[in-house]
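Here's a quick briefing to read alongside the model. Have the sequence and the 3D view open as you go.

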Amino acid sequence: MACKNVCRLCDNFIISQSVNFTGGNLIIDLPAGSYADCRKVCIVVAQKIPDTTTINAPVFITIGGGAVQYPLMKRNCRQVVASGLRTRTRYKTVVETTNNSGFFRMIGEPCCTPDSRLSAINGESAPATTGGGE
């Protein structure tokens, strides 16, 4: 089958408008619009992630430059951190709404991220971290 010279992109393919590091958070701004509950959205981080971004900065999504920040969650409901994202990469997500807000949950796994969780807790001292990836 021959390749078409002109192709239409899927309506769920969304390219970010900006990426900023503000207030300790990495903010990805998506185009204005209504993102319905249970809608699959493939987000492409099109802009460079700022050099000042810390690796453990939580990632939030804004819509149309708005002030409301929606968390970007992993499929296990933990928040994605900046070290889990790459520029010019597509991330499959599903929009999930609540009574008064919402979030974007990844369908797959983000890039390898450092795991700084504690290996155990005992109530007396802080043990060493696991140090491996998730």
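What follows covers the core, the aromatic rings and a surface patch.

This is a predicted model.

- Leu30 reaches well beyond its sequence neighbours: its contacts include Ile14, Tyr35, Ile43, Ile61 and Phe104.

**The aromatic rings**
- There are two aromatic pairs in the structure.
- Tyr35 and Phe104 sit edge-to-face, 6.1 Å centre to centre with 65 degrees between the planes.
- Tyr35 is in the loop between S3 and S4 while Phe104 is in S8, so this pair ties together parts that are 69 residues apart in sequence.
- Tyr70 and Phe104 have ring centres 6.5 Å apart and planes at 65 degrees, so they are edge-to-face too.
- That pair links Tyr70 in strand S6 (residues 70–73) with Phe104 in S8, 34 residues apart.
- Phe104 counts as buried because its relative accessibility is 2%, whereas Tyr70 is partly exposed at 21%; Tyr35 is buried.

**The surface patch**
- Leu9, Phe13 and Ile15 make a nonpolar patch on the surface, with about 260 Å² of accessible area together.
- Phe13 lies in strand S1 (residues 13–15) and, at 30% relative accessibility, counts as partly exposed.

Notes
Residues are numbered from 1 along each chain as its sequence is written. This is a predicted model: local features need pLDDT of at least 70, side-chain atom pairs count only at pLDDT 80 or more; totals for chains, interfaces and linings use all residues. Side-chain values use heavy atoms; hydrogens and water are left out. Patches are made of residues with over 30% relative accessible area and no salt bridge: like charges are joined within 9 Å, nonpolar side chains (Val, Leu, Ile, Met, Phe, Trp, Tyr) within 5 Å. Accessible areas come from the Shrake-Rupley method with a 1.4 Å probe; for residues, only the protein chains shown count as cover. A salt bridge is a side-chain nitrogen of Lys or Arg within 4 Å of a carboxyl oxygen of Asp or Glu. Helices (H or I, at least four residues) and strands (E, at least two) are DSSP runs, numbered from the N terminus. Buried means under 20% relative accessible area, exposed over 50%, partly exposed in between (1.4 Å probe, protein chains only). Contact means heavy atoms within 4.5 Å. Rings of Phe, Tyr and Trp (its six-membered ring) pair if their centres lie within 6.5 Å; planes under 30 degrees apart count as stacked, over 60 as edge-to-face and the rest as tilted. Lists of a residue's contacts leave out its neighbours within four places in sequence.
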